[in-house]
Amino acid sequence: MADDTAEDTAALYLLPLALSRPREALAAAEAVLAAGPAPYAASVARQARGIVLREFGDTSAAVRELRAALRLARRSGRPGREADVLATLGVALTQAGRTAPGLAALDAAVALSGGPDAGRILLRRGGALSIVGRHRAALDDLTAAAGLLRRAGDDLWAARALTARAMANLALGAAEASDADLREAEELFARTDQRLERAMAVHNRGLLAARLGDLPLALTRYDEARERFRALALPTPELRLDRCRTLLAAGLYQDALAEAERGIGELDRIRGQRTRRAELYLAAARAALALGDHEAARERAGAAARMSAAQRREWWHAHARLVVLASELAAGRATARLVRQAARVAARLADLGSPDAVQGHLLAGRAALALGRPGEAAPHLERAARVRRRGPALVRTGGWLAEALRAEAAGDRRRLLRACRRGLDLLDEHRITLGATEMRAQATAHGAELARLAQRAALRGGRGRDLLAWSERWRATALTPPAVRPAADRALTRDLAALREIAGLVERSDGAPALERRRAELEQRIRGRVLRTSGGPGPAPPGRLDAGELLARLGETSPATTLVEIAEVDGELHVLVCGEGRVVRRRGGALAEAVTEVEYARSGLRRMAFACSADPKAAADGVRRTALRLQRAVLGDAVPHLGDGSLVVVPPSRLHGVPWALLPALADRAVCAAPSAGAWLRARATAPPSGGGVVFVRGPGMRGGGAEVPLVTPLYDGALILRDGTATADRVLSALDGGRLAHVAAHGDFRADNPLFSSLILDDGPLTVCDLERLRRAPYHLVLPSCDSGQLVPAGADELLGLAAALLPLGTAGIVAGLVPVNDEATARLMVVLHRALAAGEPLAGALRTARLTLADDPLDWATGASFAAIGAG
């Protein structure tokens, strides 16, 4: 073998440069090739170009460069050079989905190599084996590679081997081994200037955090890695794939689907790795399945299965088939063939060492149960239930779901409820690690089936108290007081101020596209910061409702308060009337019918608010007829049992838009709505602040709105008024914090697409839910006379997001807010009477009742009164 020339030695620096400063490496390789080098140096330059093109995602161009590099390496007469290029080519072919030639090239490279160089070749073959899902075989190569490279003192390549082995271990569920390898690899990478691989190390720490269940930390790591990749001008489809998986685990299914679709689009633009394309299709299928779009899930998963089969990647093919079958079952197409196929997929996943084998058994068991074959389901559910005592919380929850299904099939009610309780307790442990209210709310979707199983069992048992307890167990749990708040985050505060400024510019420019894009970018960044907030020491999860305590608190008023909890079980409403020391169950209507009637009622109130009828009295009569149908759908035959005192209504999340005062049976009652009975108990126990002040806020552009402010301010000594330029976000937040009563007359912007950015418009821009969550203590009582200010968005299993939902956990005991757009003049009249009643000592819901009844003779005033609701403890 010829000795290395100075030219050869000089060219070799291109290879580490390709993974450190890729664009610089491209330019340097072009310079080497332009000088007409000998085959060895030319081979190195071509190889460096191939590596950069591979990392940029253009695998087709990378393969062409690497084939040219291989020809030059063979001409150089250096077996080591040929082996190194063969290994790089093998990895690129495998990433392009050409598995057989890729692995053949790697096998040939191993045969040509020896000594420390063999470690580098084994590392790349191990990485390719991981790409095709042969993780156990990969571990053999990677362990041998790590040993050879350590002994040779090759820190950089040893770090690469440890990183690849960590990812193989992670795929097989060995998180502790993965953690140890990543820690050692990071120490070794820290000694190098390999910027790309240091970025990948941050990415990999995010993967590990996600597997261990620390989702906020995973998102933090991913965002840090994304900034590092951007600095290198590299595409990030693999990072998008892993973000998608983490967002799925967080219950943020729509975000996960969007992330996967963006990754697919990015790969299509750069003609990137076909293997990653199949994985992104599979991730998109999982997100679509979670969103209930069964056909889209089946289509995407089917495409992923076909791509994986063509690429001879059995691991990914088996996982894609699992999602295809799950979408079939979710669409109600359970068949004996599906049971057999699910069993085969579960067995294949087990052979491959995939932790998802239990999901295959769970799927087979559920399909068999759907066909009425409990005997056939039992062994599959038993295997799936084995994971309930080990692993991350979400994995163990799936095990408890399998155990609950086994118990239900066996008719063992006690065992069923125990399994549901254990599974939901695990999810509480998981959710308390999440700092963001949105993530806590959405994560409850993972427990929805356990909660439904328990509700069904309670309904079959016939005891109203049991159905109440299980309906409460998984309702509005995200509205317990948060363990952490992002108040001290200066960057978040800065971004929120920038969002207010840009919102003003957007309004003044009549929605200029560039400004709209900037606003969207700011919202995305703010939401990202909030989602990255970790949970911390704080209150324990709410646990089981104490029905005895609830009934005792209800009986403390005279006449006694009645609480009506409306539970939805399999589409049917069940009305639980709590009062006089007992819980009575009565039948309501169908949820779908109730939702339809709610929309009719709300539409009627909107039309009356804006004088869309020439005959207001006739319009009011039409709304009353709708209200009677709505009452039958929601309350059913419970109306005679509602008592005579104040009423608390606890509806399922999809019925929180009901204008309760519109229902004939409730028209002359003091009524408040609460997210849950537990939330009502907590709000009722909230003591008013000592020395808290009263503040009135009037936002910009109100025209006739807010006219009540100067009329009611004299009712409260020392009340603060913020308006005409003084109603800025900082001043309003300061006044709200720890206040006794706040009245904010400002235009509202309800954001169903993103409740975090629902807002009240102040002099310097929107005051968002994100702003309000920074309060140390929200005002004890809050009046929001603006349109839609009481709107809440269903989320997760039975959770709520919106302005009111943000304030209740922060110390607000009661809120009066509008449920639909309202007439400004009529609202001002209603607010004047409301505040007179409050100043006279009436509770919030009672004051709203007084205002409604005082103004009930005029059709517009009547409709306006019915458009407001008391929320919380009233």
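A: A crossing is called left-handed if the near helix is turned anticlockwise from the far one by less than a right angle, and right-handed if clockwise. This is a predicted model, in which local features need pLDDT of at least 70 and side-chain atom pairs pLDDT 80 or more, while totals for chains, interfaces and linings use all residues. Numbering starts from 1 along each chain as its sequence is written, and side-chain values use heavy atoms, without hydrogens or water.

Our pair is helix α18, residues 314-330, and helix α20, residues 357-370. (Helices are DSSP runs of H or I with at least four residues, numbered from the N terminus.) Their axes lie 11 Å apart, and the two pack at an angle of about 25 degrees. (Axes are lines fitted to C-alpha atoms over the stretch in contact, and angles run from 0 to 180 degrees between N-to-C directions.) α18 and α20 are therefore roughly parallel to each other, a label for angles under 35 degrees. Their crossing is left-handed.

Now look at who meets whom. From α18 come L322, L325, A326 and L329, and they meet Q359, G360, L363, R366 and A367 of α20, where contact means heavy atoms within 4.5 Å. Sorted by class, this contact has 6 nonpolar, 2 polar and 1 charged residues. (Ala, Val, Leu, Ile, Met, Phe, Trp, Tyr, Cys and Pro are nonpolar; Asp, Glu, Lys and Arg are charged; the others, Gly among them, are polar.)

Notes: Parallel < 35°, antiparallel > 145°, perpendicular 65-115°, else oblique.
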